[in-house]
Amino acid sequence: MPRDKRHFILNALSKSEKFKPKGQPTTKHPSDVADRAGHAQALLQAIDHLPDVKAEGTAGVYLDVAGRPGEIMATKSLNVSGLSLLRFEAGQPAANQPARATVFATGDALTKLRQKVDDFATKNRVKKDGTEGRPFNADLVQSIGAIVEAGLRALWRSPAAKFPEGDAAVPWELWLDKTQAAGFIGNAPEYGVAVGADRLEFPEDIVVIGTATREALALALRRLGGVRALAAPTVTADYFDAMPIEEQADWLDNLAGWTTFQVLDDPGYVTLLDRGVSRAHPLIQPALNVDDRHAANPAWDVGDFVGHGTQLAGLALYGDLTVALQTMQPIEIRQRLESAKIIPDAGHNPHHLLGALTRAGINAAERTGDRRRTYAMASTTEEDTPHDGAPTSWSSEVDQLTAGVSGIKKIQRLMLISAGNTVQNMFGNAGYLAACDHPDNEIESPAQAWNAICVGAYTEKNVLPAGEPGAPIAPVGDLAPSSRTASWSSHWPLKPDVVFEGGNWVVNGPPPPMRHPALSLLTTDHTYPARAFTTCGDTSGATALAAKAITELWSDYPTLWPETVRAVFVSSARWTPQMRSHLPANPGKGHFGLLFKRYGFGVPDMQRARRSASNALTLMVQDKITPYRLSDNGGADHVHNEMRLFELPWPVEALRGLVNSPVTLRVALSTFIAPNPSEPARGSKFRYASHNLRFKLNRPNESRAAFIARISKVADQTDEEPVDEDDGWTFGRNRRDVGSLQIDQLTCFASDLARRNILAVHPVAGWWKTRAIEDPHKRSVRFALVVEIDASEADADLYAEVQQAIEALNAAQAVVV
């Protein structure tokens, strides 16, 4: 395996530690209400006005439950004994908006709920000392302000503006309870709901497309039940309509002569999930076999009749052809191409489950055999925005595919997705960043998927031809105006992950600013031989460039897992000086949020990812962990099982020799989660992900025992409130501990780092822990840990000492029997 001397792979240095049992937390109750009888009577009347489920012979009724100001809604009591909590929205006390919950109740559950309210009004508990205690069911009843029958809007999980209006039959995305899906699908046509053939399966839900009027769907829901949520079917966003340039046939001939396609035993493949690729182009044909073009639907033609896929293919092989044509240097192509068409030639994919089409495209490619594939998808949808970072059916299926839960082959997959392009008519001729940051320009689905690498765009293009009117709108090194940003709350993953060149726009006359071929990327045209080259850009072009870079990196280290490649790639990224100019002089942890939402971790530095230097090194760990096990007391929830401790072979003598010179430690932790996108899980990172992992580093002079005790104390943290530790980390827990890829760094004196050599990977809550899955102690997950030390310009030989330590460890492991 090609390997520079900067990287070391550590596979057997971890030790497992069990979590120490903790005491049970106490429960705090809200105070009793003075008008207890009146409140209970109002709720009883509300329940009595609901449909008589038993008399009508229906499965149940959907309830819209409003909370009371100042009270915490007892949601656990709304998810038991025939009550199913489908959706919960926390209240906003400042705006006088109470919490709201959508609940499905069977007939028996309504009877029990009514009895609980009646008991609250008439009965008190008795304390151990014999005195009168609180009313029965006080937590539940006091937290409810009103109960009415829910309409379709109460189940709507897409943006409110997307809710269908009018009386016509329209397609709906139906999220069905897994245990009731078959019954609903089989009987829905009797009520005027036509269910499509596509299926997406998640841990608790099956998602289908149903076409119906609002009235017919409402009747089906009342009679059949089983629907947990409704959403808008997605369609793909418009691809970038490239502006043509003058054909240069001699350039093409010269470029083809400079290019060598290497023949490797184990080449990396860029698999484009797009509109197909034209194999006629002489720059593409040598890298794309006839049998390596596929389609999600076998009836589709595998060629590219629109151009978008062929544009991306040229960028994935050569990068920006402007550079190649101007430098006239020999080019060696190591990667190969695959194409899996997921978008039909005519229009979009209206009213289909795009997750199912994505899965079908991947399955079609993988039927050809096992390969190291980098999946690149520059097709996204604005129909789900704003989703505020919450999962959609498409993004959840991407998470399943990357985690190896879905697809014909249960393997982990490396996948890149474009952030999506901005709405151009929102821009004026100045202050473009405000338009990019607007919630209406939020990153498009499915780019918020946890396991995929989301690629945004920045630009270094700002030179127009001599005499050309106008001026570029974006400064060199800043966000490309086409790139969407993340505006969501801090508990969803940081997106985008990285940015690549996406071109610039020009200001010339009235707004909006316009794309310009001189500020775009040059690539291959699908109409060859009529035209050899065309221009493209935006986040589609950036994604193709990222696919090229990461596939070449993976070819240098072909034994690495997809999780590890992701960590090395993203961790190598840095913000440009122009990006950092938006920070104050002495930034605190909270100031980095602006940079993350626009640029992710910045621009990947492939030289940094591969570089060989005596004053910098990277340690890479690929390991497994079993996060949870059955509770000793037989409880429904599982408990944390183990943590992995790594005693890192720091170059202690070299670090001590630097005395008070600053060194930077950067840590990346990467794992692929299995998603649970059910409606109750959408608001919590602890309920969407199968497992969540975190890393911790011991403090100077902190003993191993004290370190383990500290981790055991914080591992059970499951709230969404901002919490931070004064551990010297640059970004801090609030921005680090999100998603399935966590990266942070600290800069300290070398002598301090020499005393911080224990790194822990430990689990926190996930739905595997909070749901009663079978045999949690048998569910191990992979993770990658990438640790980098950089002594900058200091005169130190970090590499030599670590090499000796690794060789000694390997020798010791070799004799263990």
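Select Arg36, His39, Ala40, Leu43, Leu44, Ile47 and Asp48 in α1, then Leu110, Leu113, Arg114, Val117, Asp118, Phe120, Ala121 and Thr122 in α3: these two groups meet. Contact here means heavy atoms within 4.5 Å. The model is predicted: local features need pLDDT of at least 70, side-chain atom pairs count only at pLDDT 80 or more, and totals for chains, interfaces and linings use all residues. Numbering starts from 1 along each chain as its sequence is written, and side-chain values use heavy atoms, with hydrogens and water left out.

**The helix pair**

Now show the whole of helix α1 (residues 36-48) and helix α3 (residues 107-122). Their axes come within 8 Å and cross at roughly 165°. Axes are lines fitted to C-alpha atoms, for helices over the stretch in contact, and angles run from 0 to 180 degrees between N-to-C directions. Angles under 35 degrees count as roughly parallel, over 145 as roughly antiparallel, 65 to 115 as roughly perpendicular and the rest as oblique. α1 and α3 are therefore roughly antiparallel to each other. The crossing of α1 past α3 is left-handed: the near helix is turned anticlockwise from the far one by less than a right angle (clockwise would be right-handed).

**The whole chain**

Zoom out. The protein chain has 24 helices and 37 strands. Helices (H or I, at least four residues) and strands (E, at least two) are DSSP runs, numbered from the N terminus. Of its 817 residues, 57% count as buried. Buried means under 20% relative accessible area, exposed over 50%, and partly exposed in between (1.4 Å probe, protein chains only). Among contacts in the protein chain with a separation of 6 or more, 80% are between residues 24 or more positions apart.

**A three-stranded sheet**

Select β22, β25 and β26. They form an open sheet in the order β22-β25-β26, with antiparallel pairing. The edge strands are β22 (471-472) and β26 (514-515), each pairing on one side only. Two strands pair if DSSP finds at least two bridges between them. β22 and β25 (residues 505-507) pair over two bridges in the antiparallel sense. Pick out Ala471 and find Val507 of β25 opposite.

**Thr576**

Go to the loop between α14 (562-571) and α15 (577-580), where Thr576 sits. Is Thr576 buried or exposed? Thr576 is buried, at 13% relative accessibility. Leaving aside neighbours within four places in sequence, Thr576 is in contact with Tyr458, Gly477 and Val603.

**Two cis peptide bonds**

Next, select Ser445 and Pro446. A cis peptide bond joins them, with omega about 10°. Pro446 lies in the loop between α12 (432-437) and β21 (453-459). Then select Lys495 and Pro496. The peptide bond from Lys495 to Pro496 is also cis, with omega near 0°. Pro496 lies in the loop between β23 (478-479) and β24 (498-501).

**Two positive phi angles**

Which loop holds Ser81? Look between β3 (61-67) and β4 (83-89). Ser81 is not a glycine, yet has a positive phi of about 50°. Move on to Asp775, in the loop between α23 (767-770) and β37 (781-790). Asp775 is not a glycine either, and its phi is positive at about 50°. At 34% relative accessibility, Asp775 counts as partly exposed.

**Cysteines**

Finish with Cys436 and Cys748. Cys436 is buried at 0% relative accessibility. Cys748 is buried too, with a relative accessible area of 15%. How many disulfides are there? With a disulfide taken as a pair of cysteine sulfur atoms within 2.5 Å, the count is zero.
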